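I opened the notebook to record what I looked up, one topic at a time. Each entry says what I checked and what I found.

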Amino acid sequence: MKLLRKKIARFYKQLILLKYYSKKFVFSSKQEKTKIIICFDGNLTHGGLVDRLKGIISLYEISKILDFEFKIFFTHPFELTNFLEPNASDWIINEKEVKYNVFSSKIVYLINDFKRKPLQIFEKSKAKTFFVYCNVDYLAKLYPAKNEQEIKFIWKNNYDHLFKTSNYLQEKLNILSSEPRIAFHTRFTTLMGDFSDSTKMILNENEKLNLIQKVIKAINDKANQYPDKVAYIFSDSDFFLNHVRATTNYKTLAGVPKHIENNNSDLDYHSKTFLDFYYLAGSEHVFLVAIDQMYYSSFSKYAAIIGEGKFKSITN
């Protein structure tokens, strides 16, 4: 029954996309090179920033393996170029260029599809343009013989090849302190009652306080091992961050955490996500604290990959 529900949900999402691309139908094309376009257009749920980056890096690697052209159509809830610009690869494609050829285009839906072998999809298809929806890191599947460090190297290399910070983002980063630091990342999702998410559980006041005390103790135990380093704490919970500011000497970045899926195109609204990500990336040691019901986020892990910092998780 569960598998059937998944198939029905996937079919429904395919229909949504077909309806969207039916408005972009063309019947002829002069395109010579096969093209992959990874899309974040708001038609479906795409996930958070790092989920989107996972899909981008995966599809970029596939495009390199197959010698396909690679583009990123990222327009929702903001234009990606407001924060990240092309570096060594021109991945920009504008909406007027997004055309669905009824004879040679194909929609590939890979959101949360961890079992697929995506390379085979593109190798076996005769399509010339692929519109891809993906939020999964497939590098380990593409290179099963490579170890974790080799996979991280590919991930970072791809990221650096694709992206550089925009002037808008860089100006905000320049304001922040460049002091040597360690960083702690926490992801509570709905536990502290800050916002709605894919999870539903909200703790009562005593449970919130007990969990916060556990988290602070875990941070204290690790931070004490680095007495010469400034420690920063990052979180998706403003409730938790305010507790940290009121009861500890740890540092935090200003601003209220937001989720990239929120339908708000204001750049300042979303800038904290990028500032947190890059400030984590600039930390010498990055620790993910995931205790009890907390979410085991990959946000800080991938920040450490692009910053070449040391990453470790702290669990029960």
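I began with a pair of strands and found that the bridge partner of Ile36 in E3 is Phe70. E2 and E3 pair in the parallel sense over six bridges, where two strands pair if DSSP finds at least two bridges between them. The labels come from DSSP runs, with helices (H or I) of at least four residues and strands (E) of at least two, numbered from the N terminus.

Before going further I noted that this is a predicted model, in which local features need pLDDT of at least 70 and side-chain atom pairs count only at pLDDT 80 or more, while totals for chains, interfaces and linings use all residues. Residues are numbered from 1 along each chain as its sequence is written, and side-chain values use heavy atoms, with hydrogens and water left out.

**Entry: the sheet around E2**

I then looked up the sheet that holds this pair, and it is an open one of four strands in the order E3-E2-E7-E6, with parallel pairing. Strand E3 (69–74) and strand E6 (105–110) are the edge strands, each pairing on one side only. From one strand to the next the twist averages 20 degrees. E6 and strand E7 (residues 129–134) run parallel and are joined by six bridges, and Val108 stands opposite Val132 in E7. Helix H2 packs on this sheet, touching strand E2 (35–40), E3 and E7, and its direction makes about 175 degrees with that of E2. For such values, axes are lines fitted to C-alpha atoms, for helices over the stretch in contact, and angles run from 0 to 180 degrees between N-to-C directions.

How many of the residues of E2 are buried? Six of the six are, so E2 is largely enclosed by the rest of the structure; buried means under 20% relative accessible area, exposed over 50%, and partly exposed in between, with a 1.4 Å probe and protein chains only. I reminded myself that in a regular strand the side chains alternate between the two faces of the sheet. In E2 both faces are covered, with Lys35, Ile37 and Cys39 buried on one side and Ile36, Ile38 and Phe40 buried on the other.

**Entry: Arg52 and helix H2**

Is Arg52 buried or exposed? Arg52, which lies in helix H2, is buried, with a relative accessible area of 0%. Not counting residues up to four places away in sequence, Arg52 touches Phe40, His46, Gly47, Phe74, His76, Pro77, Ile260 and Glu261, where contact means heavy atoms within 4.5 Å. The C-alpha atoms of Arg52 and Phe74 are 9.5 Å apart, although 22 residues separate the two along the chain.

I also checked how helix H2 (residues 49–66) meets helix H5 (residues 148–162): they pack at an angle of about 90 degrees, with their axes 10 Å apart. That makes H2 roughly perpendicular to H5, since angles under 35 degrees count as roughly parallel, over 145 as roughly antiparallel, 65 to 115 as roughly perpendicular and the rest as oblique. Among the residues making the contact are Leu53, Ile57 and Tyr60 of H2 and Ile154, Trp155 and Tyr159 of H5.

**Entry: the other sheet and its helices**

Next I turned to an open sheet of four strands in the order E10-E9-E11-E12, again with parallel pairing. Strand E10 (230–235) and strand E12 (310–314) stand at the edges with a single partner strand each, so one side of each is left without a neighbour in the sheet. Strand E11 (residues 285–289) pairs with E12 in the parallel sense over five bridges, and Val289 stands opposite Ile314 in E12.

Helix H7 (residues 205–223) lies across strand E9 (181–186), E10, E11 and E12, running at about 160 degrees to E9. Helix H8 (residues 238–247) lies across E9 and E10, at about 155 degrees to E10. H7 and H8 pack at an angle of about 60 degrees, with their axes 11 Å apart, which makes H7 oblique to H8. Their contact includes Leu209 and Ile212 of H7 and Phe239 and Phe240 of H8.
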